[in-house]
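Dear colleague,

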Amino acid sequence: MKRIPHHLPSFLLWMFVFYFLSERSIFRYQHIGAGVDLGLFENLFYNLVHKAEAVTSIGIDGNLHHYFADHINWYIYPLSLLYGIFPFVETLLFFQSFVLSLPILILPLYKKDTFHQWTYPLLYGLFLPIYWIQIFDFHPEVIWIPLFFLFDYFWKQKSPFWILFFILSLFAKEECALVWIVFSLVKSKSQKKESLWIGVVSFVYFLFCIFLLSELRSPTLSSQVPAHWERYQNPITALQNLHLFPYLFLFLNLPFLFIQFKNKLILCLAPYLLYSLLSSYEVNKTPFTHHIFIAVPIIIMSFLEVMDRLSYKSKLLFGGTTLLVSTALFFCFGPFSKSFSYKKEYMNPGVSTKDVATLRNLFPNKSVVSNVPQYLSNRSEVQFYLPNRDYSADYFVFYQFQNQSPPVALPKEYKWEMVIENHIQIYKHKEN
């Protein structure tokens, strides 16, 4: 009972952040603002539940492929069980909101002082990247964030449970192994035995991931390299998009006044820095997508460790200043700002929520190709429509957004059948 007052502030903050993360992402989904990745994962979970196969036709080249040809994330299997019980997109968004907000409840476990009770949970709750991750669809790799916090907690407690959370965090995504390899180097002097074990296990697991990515790559791809490597084959384009990188750097580090760079732990982000700089894709160079997930716990823990080494007066000074800066950023660029969404028009409440129910109930168990596959992903076969491609799906569904013209290059295999609500165009395959 004595612990309740200590955890009460963080619990109340957690409820607020959990609600707000859930409400904003569901609002965006219900107003036809969700991105394609949300459909990718629902389609993947649907196939795992109904066909016991981890396959989807959304992503990579648009053809049916094993998910491990895209990324290695073992949490798709337990998440498919959750989706099987609650087969709704909202289930996925609720789960992600819980995962992203969970560190607020973990931070007070470290110490029983005002900073861990109030300041640090509030700083995390004001950290804009967690809101941008949530609004940018669903990605199961965000489970890395609370798992790293739990690893760090038990590591500092010298409890063997750190082994469990280290292993669990490896399973979040293949690139997590690179972070652990650098972590083992950073800690090699202070904890040689444990660091060596972490480094060896992470290196072996990373090689295993590369093997899986290569072996399970889509058979329709001509290239023999794993998926997404094309992002790093054009350094000229990577340099041309370099103007986006300062936004990534500032929004991740400015809330903590850059004092986290006094901690060697921040070196664990060297792999993330390199593939962000060298990628020719915009999504890897901005703070507004899920790709920043790997940086969140490293930056925060680096900051907290530096704060723990300061005197009480310095803590008050830096703690108060970081709260002031984080609050200003939150209200200027966060959920209350018009610039909150990665795509501003995707938060448009003018779109009727009835359209979601209409799309999800169209042609059950029939294969579909659409420009909004994320709203028709509750079936085995669904593809993302791209012009000048041949398709064999039973139906072509085109959702016509406001001020958008009907498709100019209509797939030649389809003929018009009907229109729903004047903006949902239905075409049927000529051979069906």
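Helices (H or I, at least four residues) and strands (E, at least two) are DSSP runs, numbered from the N terminus. This is a predicted model, in which local features need pLDDT of at least 70, side-chain atom pairs count only at pLDDT 80 or more, and totals for chains, interfaces and linings use all residues. Residues are numbered from 1 along each chain as its sequence is written, and side-chain values use heavy atoms, with hydrogens and water left out.

A cavity is a set of points, on a 1 Å grid over the protein atoms alone, where a 1.4 Å probe fits but cannot get out; its lining residues have an atom within 4 Å of a point. Points are joined across faces, edges and corners, and the volume is the space filled by probe spheres set on them. Two cavities of 30 Å³ or more were found.

The largest cavity has a volume of about 50 Å³. Its lining consists of Ser25, Arg28, Tyr29, Ala34, Leu38, Leu93, Gln134, Ile135 and Asp137. At least two lining residues come from each of α1 (4-30) and α7 (128-135), and α1 gives the most, with three. By class, the lining has five nonpolar, two polar and two charged residues (nonpolar: Ala, Val, Leu, Ile, Met, Phe, Trp, Tyr, Cys and Pro; charged: Asp, Glu, Lys and Arg; polar: the others, Gly among them).

The second largest cavity, of about 40 Å³, is lined by Leu107, Tyr120, Leu123, Tyr124, Phe256, Ile300, Phe303 and Leu304. Here α6 (114-125) and α15 (296-308) are the elements that give two or more residues. This lining comprises eight nonpolar residues, with no polar and no charged ones.

Yours sincerely

Terms used: 1 Å grid on protein atoms, 1.4 Å probe; cavity = no way out; pocket = protein on both sides within 12 Å on 5 of 7 lines; lining within 4 Å.
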